[in-house]
Structure formats: structure tokens, C-alpha cells
Amino acid sequence: MDIKPQIAVRADIATPETASYLFALAERLNLPLIDAPDQRFSHVLTYRNSRLELDSQEGSATASLTVDFLSGPANYRFRHDRRINQPLARAAGIKRGYRPAVLDGTAGFGEDGFVLATLGCRVMMIERSAVIWALLADGISRARKNEEVRQIFDQRVTLKLADTIDYLNFSESSYDTVYLDPMYPSRPKSPLNKLKMRLLRELVGDDYDCSELLTAALDKARRRVAVKRPAKAGPLDQRTPSYTVTAKSSRYDVYLTPYL
Ligand SMILES: C[S@@+](CC[C@H](N)C(=O)[O-])C[C@H]1O[C@@H](n2cnc3c(N)ncnc32)[C@H](O)[C@@H]1O
């Protein structure tokens with residue numbers, strides 16, 4: 001059983017400008033605002049080092065999570081891997097001279113969406129966890145201030161706080177590719193990923209409704225649905241894909257929707 005984390009927004013260590021941003025954020029996310037350390041909350045959102053951070057208590061230590069496109073693994077990929085034949089790109093349907101319009105229905109930290117946008121796709125990122133959305137929105141707004149990365153976000157990325165199942169069922173918009181990466185138990189084991197995925201799991205738990213998400217995606221995608229899965233897991237909802245693309249520690253199940 002998932003234990004719901006107790007989350008608060010802490011404004012006292014912020015500057016006056018960022019404090020007003022944090023007040024507005026607490027109101028928008030419907031989270032309590034605190035002005036000193038408070039044991040009742042397992043997770044605290046605050047503004048530090050010019051960025052929104054989520055702190056979680058690890059015994060006597062504090063682990064911090066932030067979304068960053070300007071350094072770390074996401075930026076490394078941006079700088080060094082623009083291959084259109086990398087597994088994610090192939091799964092999404094990228095080809096020489098063709099860039100699908102993508103709905104990233106499980107945006108998370110936006111890393112996969114950023115890769116697809118870097119390769120030239122327009123990407124609508126949707127995230128339903130308000131806290132993850134806030135971290136991602138902050139990461140994007142910092143990226144928009146960076147000369148190298150700004151264009152990608154300004155021209156190709158839109159972020160929305162919503163449940164993708166509702167969005168797919170009720171929106172008029174349509175997308176060539178719907179990309180899904182719902183939560184699953186085993187993830188790559190690098191220390192950063194471990195921390196990120198552990199905090200993500202604490203916040204959002206397991207995506208129990210992912211078969212509903214897949215159904216909505218198959219119904220709406222113009223050309224394909226690509227689902228990221230652990231290398232050894234069965235297909236989502238036991239639905240046989242049209243084909244699979246193998247990656248290092250995972251695979252992508254691709255459903256070609258016109259042929260289903
Ligand atoms: C494994 S993470 C995705 C990681 C992401 N691909 C990346 O590169 O950072 C899964 C995310 O999907 C979100 N999610 C799951 N189901 C969703 C839904 N129906 N609508 C919107 N977001 C959803 C979860 O809240 C979680 O943040």
C-alpha cells in the first residue's frame with residue numbers, strides 16, 4: 001500500500017520575489033505553507049539556489065530533487081546524442097525528414113520529452129502530479145533563460161498539468177505519436193536515478209490505471225503509441241505490440257494504430 005507523503009511549501013528561506021512565487025504555488029497546488037522546519041511534513045518544496053527543490057528527509061540527511069535541463073544527464077544527452085536512430089527516437093517514429101507531433105502522456109521529469117524535442121518533434125508534455133509538474137515547470141522556465149536550450153522549449157514544448165486519460169478522451173487535439181512511460185518497479189540503478197525514482201515513487205506511487213491510459217492512447221494516436229517497459233516485463237495490459245525496439249535496460253512496445 002502506498003503511504004501518501006505529507007508535502008508542504010516552505011517560503012522563509014526564499015528571497016521576497018521567490019517567496020511570492022511560493023505563496024502562489026502553495027495556493028495553486030493546495031499545499032500548506034510553512035515558515036520553519038516542520039516534522040509533520042515528509043517532503044518540502046522550496047526555492048533555493050535559484051531553483052525549485054523538493055527536499056525529503058532521509059534519517060538525519062536531506063535529499064533534494066530538482067529538474068535540470070542545463071546540467072546532468074539530460075544536458076549530456078542534449079550535447080552528445082542527437083542520433084535519430086537511438087531507440088527512443090525510433091520508437092516515437094522519427095525518421096529522416098519526418099518528425100511526428102508527440103504527446104508525452106507521462107511527462108515526469110521531462111527527460112524523454114526533451115530528447116524528442118531536441119530531435120525536432122513538437123512535444124506536448126502532460127503530468128498529473130502537481131508537485132512533479134511544478135518541478136518540471138521550474139526546470140523548463142530556467143531552461144528558457146539559457147541561450148542554447150531556449151529555442152527548443154520556446155518552439156517545441158508545451159507543458160500541461162492534467163490527467164492524460166481525461167485529456168485524450170476530451171481534447172480535440174490529435175497527435176501522431178502518444179508516448180507513455182508509466183511507473184514500474186525496477187528502474188536503472190545509477191545513484192541519481194535511484195534517488196530520482198525513489199522520490200518519484202514516494203510522490204506518485206504506482207500508475208494503477210495505466211491500462212486505461214493505454215486504451216485512451218490507442219484510441220487517439222494518429223499513427224502510433226510507444227510504451228516504455230522494463231526489459232523483462234510483459235507488454236502493458238498484455239496487449240501484443242506491432243513490434244518492439246530494444247534499449248539498454250528497457251524496451252519500447254510500439255503499437256501502429258492504423259493497423260490495430
Ligand atoms: C516513470 S515517470 C516518467 C518519466 C519520464 N518519461 C521522464 O523522462 O522523465 C511516470 C510519470 O507519469 C505520470 N503519469 C502517470 N499516469 C499519468 C496520467 N494518466 N496522466 C498524467 N501523468 C501521468 C506520473 O505522475 C509520473 O510522474
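Into which domains is the protein divided?

Analyst: The protein is divided into domain 1 (7–65) and domain 2 (72–259), with bounds that come from an automatic or database domain assignment. The model is predicted: local features need pLDDT of at least 70, side-chain atom pairs count only at pLDDT 80 or more, and totals for chains, interfaces and linings use all residues. Residues are numbered from 1 along each chain as its sequence is written.

Taken over C-alpha atoms, the centres of domain 1 and domain 2 are separated by 27 Å. Across the boundary, 10 residues of domain 1 are in contact with 10 residues of domain 2; two residues are in contact if their C-beta atoms, placed from the backbone, lie within 7 Å. On the side of domain 1 that touches domain 2, two or more residues each come from helix H1 (16–29), strand E4 (51–58) and strand E5 (61–65). Helices (H or I, at least four residues) and strands (E, at least two) are DSSP runs, numbered from the N terminus. Strand E4 gives the most to this side, with four residues. By class, the side of domain 1 that touches domain 2 has eight nonpolar, one polar and one charged residues. Here Ala, Val, Leu, Ile, Met, Phe, Trp, Tyr, Cys and Pro count as nonpolar, Asp, Glu, Lys and Arg as charged, and the others, Gly among them, as polar.

The largest nonpolar core has 68 residues and draws at least three residues from each of domain 1 and domain 2. Such a core is a set of buried Ala, Val, Leu, Ile, Met, Phe, Trp, Tyr and Cys residues joined through C-beta atoms within 7 Å. A residue is buried if 20 or more other C-beta atoms lie within 10 Å of its own, exposed if 12 or fewer, and partly exposed in between, with C-beta atoms placed from the backbone. Helix H5 (residues 130–143) gives the most to this core, with eight residues. Among the residues with the most contacts inside the core are Leu 135, Leu 136 and Ala 217. Leaving aside its neighbours within four places in sequence, Leu 135 is in contact with Leu 52, Leu 54, Leu 65, Thr 66 and Val 67.

Of the 22 residues around the ligand, Thr 106, Gly 108, Glu 111, Arg 128 and Thr 164 come nearest; a residue is near a molecule if its C-beta atom, placed from the backbone, lies within 6 Å of it. By class, this shell has nine nonpolar, six polar and seven charged residues.

Two loop residues complete the picture. Asn 30, in the loop between H1 and strand E2 (33–34), has a positive phi near 60° and counts as exposed, with 7 C-beta neighbours inside 10 Å. Asn 49, in the loop between strand E3 (43–48) and E4, has a positive phi near 50° and is exposed, with 7 other C-beta atoms within 10 Å. Most residues other than glycine have a negative phi.
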